[in-house]
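Please find below a short note for a colleague who is new to this structure. The sequence and the model come first, and the comments follow.

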Amino acid sequence: MPALSVIKYGDPILRRKTAPVAAVTDATRHREDMLETMYEESGMGLAANQVGLDMNFMVTDISHVEEDEYPRMFVNPEIVDREGSTDLEEGCLSVPEIRATITRAEKVLLHYQDEDGADREDWFDGLLSRVIQHEVDHLNGILFTDYLTPAKRGLINKRLAEIAATGAPSTGIIL
Ligand code: NI
């Protein structure tokens, strides 16, 4: 069993902007549980509100894809600059069995505090940039399905309603 349960589409906490974290230690005490839950669910990123915490922080780990990566925590993250544009297929632990190609920035400049409380501003690219943009959206109440065209949205509305009702759609889809 994961340490925490992942909240699914339909819960209003996924639609609210999370509260700023005043002290980094308020976030770090959830770090291990967040990472464990993310690994159990085979995710690459997890935002605090996905496990019911109204706090502006997230964890990522893409080390199974990129060798030099490691588990990271970003507290009070804010994207302050973006460069380029790229398409990539995304999924979400809160929106199970629905995948879609989404256009996002190629690189992002992120202002945040790290798990040691240091104030940082770093550029990220590649897969980590993608995960960061997806998770920062979560912390602001935005889901990847919000970017779909009305036509594609029409193809998943029934599935979204099923997730809200039962936690899973009757059939998966890749858009
Ligand atoms: Ni997600």
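This is a predicted model: local features need pLDDT of at least 70, side-chain atom pairs count only at pLDDT 80 or more; totals for chains, interfaces and linings use all residues.

1. Residues are numbered from 1 along each chain as its sequence is written, and side-chain values use heavy atoms, with hydrogens and water left out.

2. The nickel ion is coordinated by C92 (SG), H134 (NE2) and H138 (NE2) at 2.1 to 2.3 Å. Donors are N, O and S atoms within 2.8 Å of the metal (3.2 Å for Na, K and Ca); water is not among the atoms, so sites may look incomplete. The donor residues follow the spacing C-x41-H-x3-H in sequence.

3. H134 and H138 are four residues apart in helix α3 (residues 126-139), so about one helical turn separates them. Helices are DSSP runs of H or I with at least four residues, and strands are runs of E with at least two, numbered from the N terminus.

4. H134 has a relative accessible area of 7% and is therefore buried (under 20% relative accessible area, with a 1.4 Å probe and protein chains only). Its side chain makes a polar contact with that of E90 at 2.8 Å (here a pair of N or O atoms within 3.5 Å, one able to donate a hydrogen and the other to accept it).

5. In helix α2 (residues 31-40), R31, M34, L35, T37 and M38 are buried. They lie on the same side of α2, because they cover an arc of only 165° around the axis, taken from the directions from the helix axis to the C-beta atoms.

How values were computed. Buried means under 20% relative accessible area, exposed over 50%, partly exposed in between (1.4 Å probe, protein chains only).
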